Amino acid sequence: MIMVKRVRDKYEAELRELERSERSAQEKQQELRKRQGDMEAELLRLQALLRQREQEMQDVTESRDKLSEERRSLAEVIRQEFAERLVQTEEDNRRMKTEVAEVRARLRLEVERVSREKEEELAEVHQRVKSAILKKEETVNNLRKQHEAAVKRADHLEALLEQQRKQLLGK
């Protein structure tokens, strides 16, 4: 009875440790999800900035079209300034698109890394839980076999005792 209690206490302690480990893994997962949310918010901010730049480019393009109508009467200097401004805007737009593409690639890699780490942690916890369950089942089977052997021995001893009692009474 004491041995069963010890075994039960041992496995309850292991179960508590596994539950603590699982909570720790869940906390890590929540932290990673928060980080992912922060990164997604940054991506949204950069996408909004890109849309703003694209709107600015559209506005600049509309300005260019208006200036194209007036350029027949404008001096070459004004046309050159406009061309320089257009080139700078296009360079800025290309730079922003490149930056957004780089941020997207970094975020995608980070999300993949975080997902991989999460999956590895969950697989490790699953394996430990599975191992603990197998150990528990093995111990329960051993205890069951010991109990069956003890019951057989007790039955045998009771039969011997009964036989001896009959022999003593028969004399």
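The following legends describe close-up views of a predicted model.

**View 1. Helix α1 along its length.** Helix α1 comprises residues 2–70. At 1.5 Å a residue, the 69 residues of α1 should span 102 Å, and the end C-alpha atoms are 101 Å apart, which agrees with that expectation. Several residues of α1 are buried, among them Val7, Tyr11, Leu18, Ser21, Ala25 and Gln29. Further buried residues of this helix include Leu32, Leu43, Leu46, Gln47, Leu50 and Val60. Each of these residues is classed as buried because its relative accessible area is under 20%.

**View 2. The salt bridge of Lys5 and Asp9 in helix α1.** The side chains of Lys5 and Asp9 meet in a salt bridge, with an N to O distance of 3.2 Å.

**View 3. The salt bridge of Lys34 and Asp38 in helix α1.** Lys34 pairs with Asp38 in a salt bridge whose closest N and O atoms are 3.4 Å apart. The two residues belong to helix α1 and are four residues apart, about one turn of the helix. Lys34 counts as exposed because its relative accessibility is 56%, the cut-off for this class being over 50%. Asp38 counts as partly exposed, at 44% relative accessibility.

View 4. In the salt bridge between Arg113 and Glu117, the closest N and O atoms are 2.4 Å apart. Helix α2 covers residues 76–170, and because Arg113 and Glu117 are four residues apart within this helix, about one helical turn separates them. Arg113 is partly exposed, with a relative accessible area of 26%. Glu117 counts as partly exposed at 29% relative accessibility. Salt bridges that share partners join Arg113 and Glu117 with Arg35 and Glu110 into one network.

**View 5. Salt bridges in the model as a whole.** Side chains of opposite charge can pair when their charged atoms come close. Under the rule applied here, the count comes to 13 salt bridges.

Notes:
Residues are numbered from 1 along each chain as its sequence is written. This is a predicted model: local features need pLDDT of at least 70, side-chain atom pairs count only at pLDDT 80 or more; totals for chains, interfaces and linings use all residues. Side-chain values use heavy atoms; hydrogens and water are left out. A salt bridge is a side-chain nitrogen of Lys or Arg within 4 Å of a carboxyl oxygen of Asp or Glu. Buried means under 20% relative accessible area, exposed over 50%, partly exposed in between (1.4 Å probe, protein chains only). The expected span of a helix is 1.5 Å times one less than its number of residues.
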